[in-house]
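Hi,

Here is the structure we talked about. Have a look at it first, then read my notes below.

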Amino acid sequence: MSEQASKTLAGKGAVITGAGRGIGRAIALGYAGAGASVCCAARTDAEIRQTAREIRAEGGTAVAFQADVRQQNAVQALFEFAEAELSGIDIAVFNAGVNLDQGSVEGGDPAAWEDTIRTNLLGAYYCARAAIPAMKRRGGGKIITIGSGMGHNGFAESSAYCCSKAGLWMLTRILAQELREHNISVNELIPGPVRTDMDAVLHIEGEWFKSPEDVVPMALFLATQPDIGPTAQSYSLMRRDT
Ligand code: NAP
């Protein structure tokens, strides 16, 4: 975060799930660098506290809240905490995700399948239910879902992840329709392959293998569009058709 970073998000409150590491951490640092007050959420308390500490050390404003997005009550508590601490929620990034089942449909682990769907899809649904009332109170807002090219194309032995992200893609579109009249835009950001702890990276020939920081400009672009701006869209950082 540089002193010179333009403060395009000054006065904005942003909740980022999965902000303890990887893409979510980079987006939290990027938004705070642009002047937003951010709430970092994930299950691992030490990691989100570390992200928030880094932001504050750079002069930004950040709080951390431990929450498992699979638990509706925890998600509700997260957004209530964030709305109070940030004086309102303008931006929510549904980034928390896992890729737990990498077997075939026939041979994979049903429990891992269920857990992937519960985290990536049900978790986003819970986040939306909690974020919408806060954004309505604010008079508008922006929801950014972190999707995947794997949700737009099928990949063998990744059915849980692909189905969860395909569902998230559809949820993005339905939310956009339901929230248009409330000036809340809902768009999907597809990062493409990023080097993180997630074991979801496909080695696709000719693809751009990014660092988490490479995702930040697109996340900033989406966060700085007008609330009545583009909605129900997918923005991909991939170099091929998603
Ligand atoms: P990562 O480094 O593993 O980070 C995932 C984050 O999500 C962590 O902070 C993790 O924290 C959190 N999380 C996982 N389960 C959670 C739960 N139940 N409740 C709350 N937080 C939870 O992975 P990443 O690569 O940055 O992935 C971030 C997002 O980008 C995911 O949605 C992923 O599908 C998407 N994506 C990644 C790639 C890629 O190539 N890396 C490509 C396309 C899309 P805790 O474990 O502490 O909860």
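Is Glu47 buried, partly exposed or exposed? With a relative accessibility of 26%, Glu47 is partly exposed (buried is under 20% relative accessible area, exposed is over 50%, and partly exposed is in between, with a 1.4 Å probe and protein chains only).

Before the rest, some ground rules: this is a predicted model, where local features need pLDDT of at least 70, side-chain atom pairs count only at pLDDT 80 or more, and totals for chains, interfaces and linings use all residues. Residues are numbered from 1 along each chain as its sequence is written, and side-chain values use heavy atoms, with hydrogens and water left out.

The average pLDDT (the predictor's confidence in each residue, from 0 to 100) is 95, and 95% of the residues score at least 70. Residues 1-5 fall below 50. Where pLDDT is low, the coordinates should not be read in detail.

Now the salt bridges (a side-chain nitrogen of Lys or Arg within 4 Å of a carboxyl oxygen of Asp or Glu): the whole structure has 10. Glu47 pairs with Arg21, with the closest N and O atoms 2.8 Å apart. Glu47 sits in helix α2 and Arg21 in the loop between β1 and α1, so this pair ties together parts 26 residues apart in sequence (helices, H or I with at least four residues, and strands, E with at least two, are DSSP runs numbered from the N terminus). Arg21 is partly exposed too, at 40%. Arg21, Glu47 and Asp197 form a network of salt bridges.

Asp115 and Arg70 also form a salt bridge, at 2.7 Å from N to O. Arg70 is buried, at 16%.

Cheers

How values were computed
Contact = heavy atoms within 4.5 Å.
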